[in-house]
Structure formats: structure tokens, C-alpha cells
Amino acid sequence: MKSEKPVKCSFCGKQKNEVGMLIGGTTGHICDSCVEQAMKIVEDDSQHKLRDTLQSALSLYKPKELNDKLNEYVIGQDDAKKVLAVAVYNHFKRLTQVVTDDDVEIEKSNVIMVGRTGTGKTLLAKTIAKVLNVPFAIADATVLTEAGYVGEDVESILARLLQAADYNPELAERGIIFIDEIDKIARKGDNASITRDVSGEGVQQGLLKLLEGTVIGVPPYGGRKHPEQKLVEVNTKNILFICGGAFDGIETQISRRINKQPMGYTTNKLEKVDEENLLQYIAPSDLRSFGLIPELIGRFPVLTHLNPLDKEALTNILTEPKNSLIKQYTKLFEMEGIKLTVTEEVLHFIVERANEFKLGARGLRAICEAIMLDAMYETPSEAAENKMSELVIDLAYATEHFEKSGMSKLRVA
């Protein structure tokens, strides 16, 4: 009778009685110890690949190169672009750092941007993520509530980032999260209230654990957690958080702070301040006075502002960036076989109206849509019948269709 060969691990050679578990395959076996080592090798290799990807991005884009790329999509805001380029570059240098026992560990520098609506806060964050090719998610702070209340809790933000990373936790942990309208979760006041402030200070407290770096169980498909739902663990330690907000009315607080005159006979005259752009003097103390808690402010060491857009900047936004509005409309009509021409007078007309609405760059698209709606409705059919090959938008056409749309009645005083 033929004796059976002893069963052993094909990798380490240990006998069946020397290991906890031996998994059999078609032509061999593997023990539980070798499985754990193999998993560690795979994880280490994945980490090295991610680090190599970030290294290649950093070699391509130094802060100046990042700024140049931002200039292709965002007009003006030189100070904000410089601050953001440096913060993002240093953050990804931090991710590629191999920390040893006696080395200095670089801490994360989250960014908070303050600027009026339509000045480019979201566009800056989107463009940075696009250039570096990292997962990017946008969250609206206005829909966030404390856990247990109707609305979204802060952990749902990570679910969006996980989705953008194709449900790869390691990739998501190198991503960027942009939280818009951060000013809307400001503390409503110091006075006691009958109703609970579920979308104010409570949400700020909930954001702290995301910002400081911790492992959080995330529902893979969003929504509230369920006891039977398998959660994906995401470590927020290496996620860069960028927040933006208009902080409407904070200029009053800034003006009050910078115009305080010290008492005494040796009082020096304060330097002349730019009353049209008080946001450039913003300080963390102003955010605290507005209603953000000190713990949250402390987790955003980088504070920058966006300047209001003047008429020249709005004109440039219409035509200069790669994705400028005029280029987008030109492409839309070109796809129908129609050559679109917009005169200089029309550009000035659009900018003047946008300046009246005080909506920044967002107002430009609304006005362009109002002017070109009829053309975009009629020309596809006319082009298909070879009745039109060119469209010229002049001042008379723009004025007529703008008045027809009813937008002229929405002017802001």
C-alpha cells in the first residue's frame, strides 16, 4: 500500500501540525502565516505605487508650476492661488515622506478660503484636484446636521470621496475634500435657545474628528449607518480638507477690529485701509467672532481670501480661461455646424449686468443663458435644414433678448 505524503506549506515548508491553518489549492498548500505575510507584501506594494504616483506629480508640479496651471482656468486671485499651491504641494510632500523613529513628521495644513460668492473658491479646489489627478469630493455644509437628525451627518462626506476613488480606501485617503458654505454652520449665538442648534456648533464639533485624523467606518453607498451594513474603514489623517465660505457680513467685524484706535498721547495714525476689499485683512479672530469654534479654526492653519471681481476680471473670465464661457458656447454652436461670433460690445454688456447683480462669475452664465436661449432653441433645427451656418450676437440682439428674459427686473440696488 502506497504511503501518503505529509501535507505541508508549499511556501515555508511547515507541516500541518505546525501551523494554525493550512489552505489547500490545486497543486499545493499555503499556511495562515504565509497568507498574512503575502497580504502585507501586497499592501506595502500598493503603498509604494501610491507614493510613486505622488512623487511623479510633485516632480511635474512645483508650487510655481501649480500656480501656472491654475492660471489657465482661474482668472486673478493671485494671493489665493499662491497660498493654495504652496499648501497643496507641502501636503503631498508630507504624503511621500518616509518617517523614521528620529525623523520630523510633517503635519497636515488644511485650508480655509474666504471670499464673496462667485469669486472662484470651488473652481480653485476643483482645478487643483484635476491637475494632481487625485480623488476629489465636494460637500455642502448647509445640509449637514448632527447625527440622529434629518439631513446628512459629517461622515457622509467621506462616502462621496470614497465613491470618487472608485471605492478604493487607500486612494481615497490621499484625496481632497472641499467643504463649501462653511460659514453656514457658524454658531447661532451664545444665548440659550429652546431649539437645538443641530446644524451649527454641533456640526462643527462633528467635523473635528474628521479633520484631526482618525479611522472612520463609512457606509460604502452613502446614507446613514445601519447595524447590518458592512462599513469601509477610511483614515482621514492624510486627507486634505479645503473649506470655502462667503462669510457675509464679516467685513463689519474686520472693520471694527482694524479701526480700533489705541488710547494715549503717542497714538500713531493707522495705515490707510482698502475699504472696498476688507477681506484681505481677515484674521482667525474674525472667524471666531463670526461663530466658528476655536477648535475648528485651529485645524485650519492656512487662511486665505479671494478678492472681489472687478469688471476687467469678469471680462477676462468670459474669454481667457480654457473653459471660458464664450469658448463653451462657441463649441456648442460649432457642434451644430454654426460659427458663433460675440462682439466686444456684448461682452461689456454682459459684464455690466453681472456687476449689477453682484453674483461674481456665476452671474455671467445666467446672463449668457438668457441672451442665447432663443438661439440655442431655434438654431439646431435651422442648421439641420441648412438654413443657418453663422450667428452673430451684437449689442442690439443681446439687449433685446436680455430684456425679454425678464432678468433686467432682478437688478440689485
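Reader: Which residue meets arginine 257 in a salt bridge?
Author: This is a predicted model, where local features need pLDDT of at least 70, side-chain atom pairs count only at pLDDT 80 or more, and totals for chains, interfaces and linings use all residues. Residues are numbered from 1 along each chain as its sequence is written, and side-chain values use heavy atoms, with hydrogens and water left out. A salt bridge is a side-chain nitrogen of Lys or Arg within 4 Å of a carboxyl oxygen of Asp or Glu. Here the N to O distance is 2.7 Å, and the partner of arginine 257 is aspartate 286.

Reader: How many residues apart in sequence are the parts that this pair ties together?
Author: Helices are DSSP runs (H or I, at least four residues), and strands are too (E, at least two), numbered from the N terminus. Arginine 257 lies in helix α8 (residues 250-258). Aspartate 286 lies in helix α9 (residues 284-290), so the parts tied together are apart by 29 residues.

Reader: Is aspartate 286 buried or exposed?
Author: Buried means under 20% relative accessible area, exposed over 50%, and partly exposed in between (1.4 Å probe, protein chains only). Arginine 257, at 28%, counts as partly exposed. Aspartate 286 has a relative accessible area of 0%, so it is buried.

Reader: Which residues does the salt-bridge network join?
Author: The chain has 14 salt bridges by this rule. Some share partners, and one network joins Lys69, Glu72 and Lys322.

Reader: In β9, what is the bridge partner of methionine 113?
Author: Strand β3 (residues 111-114) runs parallel to β9, and four bridges join them. In β9, methionine 113 has as its bridge partner threonine 304.

Reader: Which residues have the most contacts inside the largest nonpolar core?
Author: A nonpolar core is a set of buried Ala, Val, Leu, Ile, Met, Phe, Trp, Tyr and Cys residues joined through side-chain atoms within 4.5 Å. The largest one has 42 residues. Those with the most contacts inside it are Ile179, Leu207 and Leu287.

Reader: Which helices do the buried residues of α11 pack against?
Author: Helix α11 covers residues 311-319, and its buried residues include Ala313 and Leu318. Contact means heavy atoms within 4.5 Å. The buried residues of α11 pack against α12 (325-334), α13 (344-357) and α14 (361-384).

Definitions and conventions: Two strands pair if DSSP finds at least two bridges between them.
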